[in-house]
Amino acid sequence: MIQHLLYINHVSKHFGGNVAVSDISFSVDEKQIFGLIGPNGAGKTTLFNCISGFYPVTSGDIIFDNKTINKLRPDEVCHLGMARTWQRVKPLGSLTVLENVMIGAFSITHVTREAEKIAIEQLESVGLIDYAKKNAGSLSIGLKKKLELARVLATHPKMLLLDEICGGLNLTETETILGIIREVRDKGATIVFIEHDMKAVTAICDWIVVLNSGEKLAEGTPEEITGNPEVIAAYLGGGHNA
Amino acid sequence: MKQIAIIAVIAGIAAVLPLVIGESPYFTGVLISVLMMAALASAWNILGGYAGQYSFGHAAYFGAGAYTTMILISKFNLNPILSMVAGIVVACIIALVTGSIVFRLRGHYFGLASIAVAEIVRLSALNFDFTGGAQGILLTDVSLWGVDLNSKTPFYYGMLLVLVVTLGIALSLRTSKTGYYLQAIREDQDAAASLGINLAFYKNKALLISAALTSVLGSLYAVYIRFIDTSAVLDLRLSIEIILTAIIGGVGTVWGPVLGAVLLVPLAEMLRSNVIGDALVKQGMVSETSGLGVFLKENLAHAHVLVYGIITVLCILYLPKGILGLLGRKK
């Protein structure tokens, strides 16, 4: 039997009178690559912030690995095995690339040399090892996205929340990142993936949930979603050529 | 390893320095001030430089150490070392109360609260009886294990020891999990939290280490001077001087605060004792009775804070990494 790793159970998030996420429910299975898509302002990132502990939910429950996590702090969520990246990358600018990834690795070890070893492995796996001694702030956007990925992978997460990890990247860079994501899944991690790039999403995801104006519009396989007239009207119809 | 060797070499040179300069109480006094400011700025730097949490009220911890020690020695005749330990406890309690409330918030709240806490401590010391109020506390006689504490030399070595310990902590933190976590917090708190860093815990940890070291220096200073009042050990000026020393030297680095103290304390001393004004007069460049001569004599002595200010502005504009950054050293 496939286990649900993440349950989103009737989650709402209001900012004052503003409803950013309204009564959303879905579940993510182990080893799935799960896509969360929708037009700008659909509530994708808000939902991510709720799941990763940065926003308290207004109502509903978030259950990860059989634990209710909606009252936990971000660092506690991370220690349960859920790691996230940021749409707007957050490199620790004055530290080196290696040190950035080591800081991720310190969530699973206390020993500096051990953290360095894990960090080097991760830098090799995303192809950043040549930049190890460079300042993280000096990298190009494509490399910064790779750094974000290496840094969260160093926490050895069960589940990865990737917020537009391919945003702003060119075709080859996107291909590389998608390749890494597939590899990570094959090693046993589960991936939830916010993306604008429909090609990327349909290429890689097993299951997709579409949000629109804070509500769940549809869910299904990539084929079902791309064929869904409502989704096309709300999202793809808006000038996208996917 | 290289850095430990540098500490050892500098400590070695500092250890024989009093033998070289001989029994000059004046120079020994200046050197004690340099060592103390270097240690104070280094201790501040663990919180302000590594973790990016700027405390504008470190005088509170310095004063907590100084007052606790002086009260326990003068009223209860307690051993100076035990009094120092008691000072650490008091400073840590103040730090924990402040940190556990304020570190829940982000932004400049900690900086603001640190000033407020320091002022609360200062005004309390000024108005309570057991702290001697505005009169302060005078210590007529003190000894430890038969060592003559009327001489400055024991305090020179005491300050040197605390500085070496502080630098050792600063250095080992740099390459440890805690040190990396503090730097992550300084760079980006959201990223830090998402990587599993408990922000409040690590900020409190840095504050406690910093406050404890600062309090030890306060205790040492109090027994060395044997007189304290609020303007000597709890003043906002002291807090500012600590920050400026760290910033001008190179904030966030191991050696910056030491460099800042080595450059600034003698400079302040020269201005205070009017060495520059006197030299200009002696060289015949400025007549003692001329308008400029009188101005130099009367005003330059009070100018060291102004000079600090000007150097700070220049540093912020041209040397954001401090004077250490100018030397081209990364760490």
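At what angle do the axes of helix α1 (residues 2-21) of chain B and helix α6 (residues 153-174) of chain B cross? In this predicted model, the two axes come within 11 Å and cross at roughly 175 degrees. Angles over 145 degrees count as roughly antiparallel, and the crossing therefore makes α1(B) roughly antiparallel to α6(B). On the α1(B) side the contact is made by B:Q3, B:I4, B:I7, B:A11, B:A14, B:A15 and B:P18, while α6(B) contributes B:T153, B:Y156, B:L160, B:V164, B:L167, B:G168 and B:L171. Sorted by class, this contact of α1(B) with α6(B) has 11 nonpolar and 3 polar residues, and no charged ones.

Leaving aside residues up to four places away in sequence, B:M159 touches B:I32, B:L35, B:M36, B:A39 and B:L220. In soluble globular proteins, nonpolar side chains tend to be buried together.

Chain A is the place to look for a sheet, an open one of 6 strands in the order β6-β7-β8-β3-β9-β10, with mixed pairing. Because β6 (82-84) and β10 (215-220) of chain A stand at the edges, each with a single partner strand, one side of each is left without a neighbour in the sheet. From one strand to the next, the twist averages 15 degrees. Strand β9 (residues 207-212) of chain A runs antiparallel to β10(A), to which 5 bridges join it, and A:N212 stands opposite A:E215 in β10(A).

Two helices of chain A can be followed onto this sheet. Helix α1 (residues 44-51) of chain A packs on the sheet and touches β3 (33-37), β6, β7 (159-163), β8 (190-194) and β9 of chain A, its direction making about 145 degrees with that of β7(A). Helix α6 (residues 171-186) of chain A also packs on the sheet, touching β3, β7 and β8 of chain A, and the direction of this helix makes about 150 degrees with that of β8(A).

There remains the contact between the chains, which takes 22 residues from chain A and 17 residues from chain B. On the side of chain A that touches chain B, the elements that give two or more residues are α2 (74-79) and α3 (97-105) of chain A, and the residues of that side divide into 8 nonpolar, 9 polar and 5 charged.

How values were computed. Residues are numbered from 1 along each chain as its sequence is written. Chains are lettered from A and ligands numbered from 1 in the order in which they are written. This is a predicted model: local features need pLDDT of at least 70, side-chain atom pairs count only at pLDDT 80 or more; totals for chains, interfaces and linings use all residues. Two strands pair if DSSP finds at least two bridges between them. Helices (H or I, at least four residues) and strands (E, at least two) are DSSP runs, numbered from the N terminus. Axes are lines fitted to C-alpha atoms, for helices over the stretch in contact, and angles run from 0 to 180 degrees between N-to-C directions. Two residues are in contact if their C-beta atoms, placed from the backbone, lie within 7 Å. Angles under 35 degrees count as roughly parallel, over 145 as roughly antiparallel, 65 to 115 as roughly perpendicular and the rest as oblique. Ala, Val, Leu, Ile, Met, Phe, Trp, Tyr, Cys and Pro count as nonpolar, Asp, Glu, Lys and Arg as charged, and the others, Gly among them, as polar.
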